[in-house]
Amino acid sequence: MSDYNWCHGPNCHTYQTQSRIRGSGRDKVLRTIKIKHNSNYRSHERYHMFNFFCNQNCLMDFIRAHITSIVAIAPRREAQETPIKVEKEQLKDYYNYPYTKTRITKVDNA
Ligand SMILES: [Zn+2]
């Protein structure tokens with residue numbers, strides 16, 4: 001298995017940046033960005049998507065191009081609900097004006 005991916009952004013190879021220029025002499029190309037896997041930043045779960053996209057712009061290009069297929073993977077046909085408890089508390093601010101603080105807590109129905 002290779003230790004890199006090519007960026008999956010459909011337009012990656014068209015953005016005019018120094019980092020994409022390849023080739024010698026006058027015959028040059030803009031090439032898709034190569035993404036190496038070995039960084040701790042990219043292995044963190046939250047940033048795992050950046051193993052496949054060189055930046056957020058390429059990620060959004062991909063989503064725009066494939067949104068219909070993406071949502072078809074896990075269709076949402078009805079609303080979801082999270083059971084909560086709502087508590088209202090009457091408080092006074094620094095100037096002694098009353099205000100209501102709303103506290104929402106999840107209800108664990110496990
Ligand atoms: Zn890219």
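This is a predicted model: local features need pLDDT of at least 70, side-chain atom pairs count only at pLDDT 80 or more; totals for chains, interfaces and linings use all residues.

**Stop 1: a loop residue.** Select Tyr15, in the loop that runs between strand E1 (4-6) and strand E2 (21-22). Tyr15 is partly exposed, with a relative accessible area of 26%.

Stop 2: Select residues 84-92, strand E5, together with residues 98-106, strand E6. The two strands run antiparallel and are joined by nine bridges. To follow one of these pairings, pick Glu87: Arg103 in E6 is its bridge partner. Then move to the turn. Five residues lie between E5 and E6 in this hairpin, and Asn96 in the turn has a positive phi of about 70°.

**Stop 3: the positive patch.** Show the surface and select Arg22, Arg31, Lys34 and Lys36, which gather there in a patch of positive charge. Arg31 belongs to the loop between strand E3 (29-30) and strand E4 (34-36). At a relative accessible area of 40%, Arg31 is partly exposed.

**Stop 4: the nonpolar patch.** With the surface still on, select Ile67, Ile70, Val71 and Ile73. Together these residues form a nonpolar patch with about 360 Å² of accessible area. Is Ile73 buried or exposed? Ile73 lies in helix H2 (residues 56-73), and Ile73 is exposed because its relative accessible area is 72%, above the 50% cut-off.

Technical notes: Residues are numbered from 1 along each chain as its sequence is written. Side-chain values use heavy atoms; hydrogens and water are left out. Patches are made of residues with over 30% relative accessible area and no salt bridge: like charges are joined within 9 Å, nonpolar side chains (Val, Leu, Ile, Met, Phe, Trp, Tyr) within 5 Å. Accessible areas come from the Shrake-Rupley method with a 1.4 Å probe; for residues, only the protein chains shown count as cover. A salt bridge is a side-chain nitrogen of Lys or Arg within 4 Å of a carboxyl oxygen of Asp or Glu. Lys and Arg count as positive and Asp and Glu as negative; His and the chain ends are not counted. The place of a charge is taken as NZ of Lys, CZ of Arg, CG of Asp or CD of Glu. Helices (H or I, at least four residues) and strands (E, at least two) are DSSP runs, numbered from the N terminus. Buried means under 20% relative accessible area, exposed over 50%, partly exposed in between (1.4 Å probe, protein chains only). Two strands pair if DSSP finds at least two bridges between them.
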